[in-house]
Every structure is written in structure tokens, then in C-alpha cells.
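This report looks at how two chains meet and then at how one of them is built.

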There are 2 protein chains.
Amino acid sequence: VKLYRAVAQELSGMIRGGSLAAGDQLPSVRSLSRSRKISPATVLKAYEALEANGLIEARPRSGYYVREHQKQPIPPQTSRPKANSTRLDVSDLVFQTLEASRNRKVVPLGSAFPSPTYFPWPKLARYLGSSARHLDPWSTVESLPPGSVDLRQQIAKRYLRLGMSVGIEQIVVTAGALEALNLALQSVTRPGDTIAIESPTFYGCLQAAQRLGLQVVEIPMHPTEGLDIEALRTAITRFPIRACWFMTTLQHPTGATLSQPRKRELARLLAGHDIPLIEDDAYSELQFASKPELPAKAFDETGRVLHCGSFSKCLAPGYRLGWVAAGRYSADLSRRKIEASIATSLPVQQGIAQMLRHGGFDTHLTKLRRDLAASQLAAMESLQRYFPAGYRVAAPRGGYFLWVECASQVDSLDVHRRALDVGITVAPGPIFSARQQFKNYLRLNTGHPWTGATARAIQTLGTLLRRY
Amino acid sequence: VKLYRAVAQELSGMIRGGSLAAGDQLPSVRSLSRSRKISPATVLKAYEALEANGLIEARPRSGYYVREHQKQPIPPQTSRPKANSTRLDVSDLVFQTLEASRNRKVVPLGSAFPSPTYFPWPKLARYLGSSARHLDPWSTVESLPPGSVDLRQQIAKRYLRLGMSVGIEQIVVTAGALEALNLALQSVTRPGDTIAIESPTFYGCLQAAQRLGLQVVEIPMHPTEGLDIEALRTAITRFPIRACWFMTTLQHPTGATLSQPRKRELARLLAGHDIPLIEDDAYSELQFASKPELPAKAFDETGRVLHCGSFSKCLAPGYRLGWVAAGRYSADLSRRKIEASIATSLPVQQGIAQMLRHGGFDTHLTKLRRDLAASQLAAMESLQRYFPAGYRVAAPRGGYFLWVECASQVDSLDVHRRALDVGITVAPGPIFSARQQFKNYLRLNTGHPWTGATARAIQTLGTLLRRY
């Protein structure tokens, strides 16, 4: 990460977090340069980045100030899914997009994964090798689902640090979050049932619903505030909703996070109607804030929340390790895991448990979040510089996606194809919707070190967008 | 393995394999003792074991001879499933049996797994650790399904050594054989379809069919010759069979192996009716014979066989690695794998690939097969000694299960419960059938080093069986 970006990111955090209020004067370039022991040019570059991003303004012969009415980019509109339920037809498009992002030579703005360069591979390898060497052969028979006691203890400890009491008896280890989500969905639905999902939503949710023969009701999302709970309340009265599948923190693809009070409201609403909540929380460790938002699981008083987590995005991509804290459904979940794949790779479970215990996971997370925040800032700058006016975007409080609403005449499938021709991937909006809505939306991946090539790719996309 | 058992096993192999014919005289105790440099007592013990097992007879003042009409134990009867199709109701019993076998203090005659002491753990750990250390971070993005090229090449090479040409493009890596089987079944059926299965069958097959809302038609099995192909032919004319799920080699639980000519007949029959065959071949590497029987996949001329294999029983229990060579369904299988769990743990894939390339897999297999053969022989002896007359059993040509038909009044569920009370597990017959048939059958695990405790457990079971 370039130094100026780190400085800009820190100040941006202070402004967004309220430590620097509208109208406050920033330190002069000279004084910040001295106090931080960095060059004045670096400070100046950071201030210019914040200015380009609309957070601060330069007043002649006076200095830099936090803007009164911050010239924030406009966030996308609240989604307006059709209110009836749908049988799904997910297209080949999801796989085309995934396929295109595999090639390391493309600019991976359409990738679903953060850059593999951000992870502690040598440490992971050390703990994996050591766990395998010390594997008690009999544990391969004894550690069938719910899974390794060591690992489940470490996961329970992380809940405890958030102030949540989640016993190891309700934690079932899985081969990543997607297996957890699929098993959870099987556990609480039967073919033909109706479930509520977000609009837009993670395509894995659409595929799972299609595979299991489920009807879906799409609930509107605000692009930063998250799920429209009133709309959900109405949907519950109109449709026989058997379960909900929601991402309540850093939602995929919008990045929206439901506030804690609204998560509590959600948990109570669903408990009152005896509706289980499958809570996909694969990105929660990527929240930039030092005090992260809790999941809805924290407000689950009746054991109806199946909280699905993963180490794939925050610690060990490719190791395939996740879990579900399944509340009252944990015994059933454990059996379904046995039926699906017997167990999760035991050396992997124990290696990650050792890494969590001794490997400095939190130190790694601090650095990862800082890197992702810096890239996000750089991406926002690049959009502002290169995208034609009229696009809308909100900077999520974590993760590595931007959900960009382009002008209404833009066809993101066409953008996807044209960009691919010049070595750039993007994820087109329609893959995030049961009815292939969001025709003029793009999901852009900002989870890679921001380079000149990335900025040029944004510039190229901007040029493409001007054609419509 | 005790020395006398190794000798007995070798001779038993020669007799069963035809190298020693009925009426042939065996070497004298003294001459074998000298030529093998083992004590006469050991030779005598080996001969007594073979005699107890009905393979040879002592003729006074003459020596030991291969029996004319070998007093073989009688094999169980050919199964007689009801001929109509069934909607399933698999009980809690499968899970109770699995649960009971986890405890390392019980005598694991009911376990589904071979003894973990039989596997090359230090070598596996070394290759796993080394693969993790050398993992190219970008490969975690690039090696999505179908999976690691290295591993798929190694798997293709093993097919090639059998004389089978299976290209890496049709191999999809999975988290063990069960995931492979589940994905294969999803790929070729829709809810409500009818599939043909064996009777008795692996309970994982029953659970999968139940979960996917499939009807099953149970096809009779001969306890050593395997599937009754004529019965299958009739069933195809009577029911709309959309797919078959068969274990054609060392079938679970019977241990039956369909001969190669009959496998060819099976493949042709199904191809003629455009019916895909899901071939569960998880035990094929455990065949005792130096020249193993090929799978039905070897006779697949139209790409309709989905051949599912695993390293869990022959190399790396708990690592959770398997595959499917999916013929014409491989592209669909690959997508289903992504939808189910994104990918299989990459360090595990690459570690096993390295082990296959450099780790002496075949040397390990030779020893494993010898150990399993010795335990099987010892188990057959113990049954003969301790079980009440009237039971039927056939010694399979590999693997580690005996499928024992007890007297008709025996209730194996009751045996299961009573045995558990005294620290012994057994797998009761009804868990292997859609209608909970096989009430008087037991599946016994012989895949553990045979000890005094095991023999005493067989004796205890014998005493229990006399009560009925």
C-alpha cells in the first residue's frame, strides 16, 4: 500500500466515523508531515485524494477543511424487485463470469475473491504441516461431524470476544461457507417451499434455491442500510415464507450492513413467525471498523438463526473451511453434513485451529483490513476520475466489492463481454437476481493491490460506458 | 500380523486362486519350515487355521491336502427385494451405528472404516506440508473445479495402468467419494425419478435417494457374484428407471464383485436403454488379487458411466479426497461441485498428488491388502469357532467387511443393542435396505489388526446369537 493511501484512508475513517466533524480544519501539510515523519508531498497527495473523493475541501490561504455537505458519490437506488414469488432460472452467466476470472492475466474486477497475495501462506503451511504430523490416526474416526473439538473451541472463542455466547455443541464444521449455507437450506426447507432472499443477492443463493426446487420472494435492499424490514414484514403476510437467507453484514454484492438495532428487529420478527434465518456472514471479519457490527445471531433468543461463517475470505482461501452455528438445527445439520461428504478434511480443521490459537490471526486481519480499505479508497477515486457522470456508488464499510449503478441505458452484459475482449472482467448485475434485473449494474472487485493497470482498466471501463 | 496368519493367507490365496488344486498335497511341516526359515510350530498353526476354515484336510500318516469338496462356509442367499418401487424412510439407525463406532474403546466390528493404524501418516503429513509450503497463491483462484491438474493427471495415470483411457478432462475432484456420488446422482436425476439400487446396498445411497425425493427399485444381489443382471433387465421393462447406483466391485455390504464379462454386459444393457450408471468404486484398490477386476467404466463406450473413486479407504482417511470420472456429464458435474462447495481443499489435492507421484502408494497398498487379507482369514476362523451353526458367510475377494446371514430368528437390531451394552459394535442388516429387510444379517468389520479382544468379541457375539 502506498503511504499516502494509508494516510488518506485513516483520515477518511476519522471523517466517516465522526472523529472529524464537518467544518473541522485538518492539520496543515507541514505539521502533519512533521508529526508523522512523512514527506510533505505524501501529505499533500493524501489530501488531494480526500478532496477528489469529496470528503474535504481546500480553502485558499486557509487550509483543508472537512466539507459541510460532503460531495459524496450518490448511492444506488433501493432495489425494486417484483413482489410475487418466482421459480428460478439461473443462467450460464454465473459460470461464465467465474470462468473468466480464473486467468491471472486478466484485470480481475469481476472476480469473487480477494487477491491471494493478501494471505499468510507460509504460516498456514507451517500449521497445516505440523497438524498433519501430529494427527492422532484415531481422530480420523472420532472427529466426524460436528467436527474437530479444537477448531470448534477456537470458533466459539471468537464469538465470545464479540460478546456472543455460542456453545461448541451448536457449531458444525463444513467445507467452506457455501456448503454450510446449502446444508442449512436443506435442513429448514422442503422442495416447493418459499424462501425470502435479498434483491440483489449472492448468486450461490439463487443456484441453491433452484437446485432444491424452492420458490423465492425477493426483498428490497437499500444500498447502504441493507434489507427493507418493512417490506419483509409485508411479504411474510402475503407469502408462506418457510425460511430467509440473508447477508446482514457487508452484503454481497451491495456491501450494505444492517445496523444492530435493525438486526435485532429482524431476529424478533422472524422468531415471532417461527421462520428460521440462514445468516450468511462470510465477510464479517472484513469490516474496517475497529468495533465490528454484530450479526443477527447475536439477537437470536430462540435458536432459529443458522449463522454461517468461513475462513476463505479472511484467512485461508483454497483451504475450504467454514462452519454453521445452527442453534436448534445443529443435530440435523451434523447429520446432513455426514450424508453430504462424511466430514471436513481433518488436517485442515486442525491446522486452522492451530493458526487461530497461535498464528496471529488478528494481526493478519488488521493488515488485511487496512489493505482492503486502501484499495477501496483508490477505486472510489478512480471511478470519480474516469467514469462518466451519472453513476451511483456507495463505499461499503468493509469487504472488497463496489456495487455500481450505471446510467439506465447501460447494458452490463454487453459491458462484461466488451471488457473481457480487452482483458478486464466485471460481474454484470443480472447474475445477482432471480429475474435478471440490475441490467445497468456492475459489481467491481477492489480486493487487489491497486496498480496502474487497475486504474487503466477503470479508465477503459469508463470509455466503454460512455458508448451507451 | 502374526506370522502364521501371513503363511495361512498366502496358502489360502493359492488355493482360492487355483495354484493349488483340490487333492494337491501341501509341503510337509518340516520342509515348509526349512524353506521359509520359520518354526515348525508356526507352520502347524497355519495348517490348522486352514483346516479350521475348511480349505485343507489332514490325512493320517500322509500329510495335508487341499480338500476335494472344500468345506467352505455357506454363502448367504441371494437377496429377494420386493419388486415394486419404494419411497424411502431411512431411520435413525444408520446414525446410531455410526455414532457408536466412534469411541475407540469399543470393539469396532460395526465400524464403516478400516483401522487408522494401517495408513502411512508420516509420509502423508510430509507431502501435505510440503505442498502447502509450495502452494502458488494464485492457484487457489485458478484451480477451481474440475480441480488440480496435478492430481487429475495422477488419477488418469492410475486408470491407464489398468489399461483404461480416462482423460483428465472428465475427472472432477471431490471431497471424498460420497460427495462425488451425491453430485453424480443430482446430475442425472430430478425429484420424483426412479433409480435402481442394489439390495442390500450402502446406506449412503438410501439417504441420498431420500434427500433428493427419488423412488428406488431394489435389484437382487448374489452374495459373491453380485448384481442379478437378469433381474435388472426385467426391472428396466417394468419401471421408468432414470439411473442406476451400483457398487460393482467389493460391494458394500456384501463384498460381492461382478465379473468383468458381467460388467461389460451391464454397461451394454444400460447404454442400450440410455440409462446412466453411477458406479461407486470406493473399495477397488482393496482387492486382494494381484490382477484386480476392472470397473464397469472400463466397458463404457458411450460416456454414460460416472465412476466414483476415493482415497479415504486406501490411502488417506480423514483427508477427504475423491473424484468422479463423469464421462459425458463432466461439465455439469464440475458446475455442481462449484455450487455445492466451490472447490476441494487445494493443499490436500496437491499433497495427495505428490504422494501418488513419489510416495510409494503401491508399496503401501501391497502391505494394506496383505494386512486386510490376514484379518479376514482370522475373522473367518473365529466365526467358525464361535458362531452357532447355521450362519452363512462368504469371504469377499478384498475389502474389510463380512456380510453374515444368521439363523432366521435372529434380530440383528437386538444384537446391535445387546452387543453395544458390552462394548462391541455391529452393523445390523436393516440399515442396508430401503424396507429394513435383512433383519437377521450383520455386517462385521474385519479391517482392524486381529487381536485376542477381537476374537473374544466374536465369541461374545456367538453367545448372544445362541439366545434366539
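Six salt bridges are found across the interface of chain A and chain B, a salt bridge being a side-chain nitrogen of Lys or Arg within 4 Å of a carboxyl oxygen of Asp or Glu. In one salt bridge, the side chain of Arg104(A) meets that of Glu142(B) at 2.9 Å, N to O.

This is a predicted model, in which local features need pLDDT of at least 70 and side-chain atom pairs count only at pLDDT 80 or more, while totals for chains, interfaces and linings use all residues. Side-chain values use heavy atoms, with hydrogens and water left out, residues are numbered from 1 along each chain as its sequence is written, and chains are lettered from A and ligands numbered from 1 in the order in which they are written.

## Extent of the interface

Chain A and chain B each bring 51 residues to the contact, defined by heavy atoms within 4.5 Å. The area buried between them is about 4,900 Å², with 64% given by carbon and sulfur atoms; this is the accessible area (1.4 Å probe) that two parts lose on being put together, summed over both. In chain A, the residues that lose the most area to chain B are Arg102(A), Arg104(A) and Glu339(A), together 16% of what that side buries.

## The sheet of chain A

In chain A, eight strands (DSSP runs of E, at least two residues) form an open sheet of mixed pairing in the order S3-S10-S9-S8-S7-S4-S5-S6, where two strands pair if DSSP finds at least two bridges between them. Strand S3 (171–174) and strand S6 (226–227) of chain A stand at the edges with a single partner strand each, so one side of each is left without a neighbour in the sheet.

Technical notes: Helices (H or I, at least four residues) and strands (E, at least two) are DSSP runs, numbered from the N terminus.
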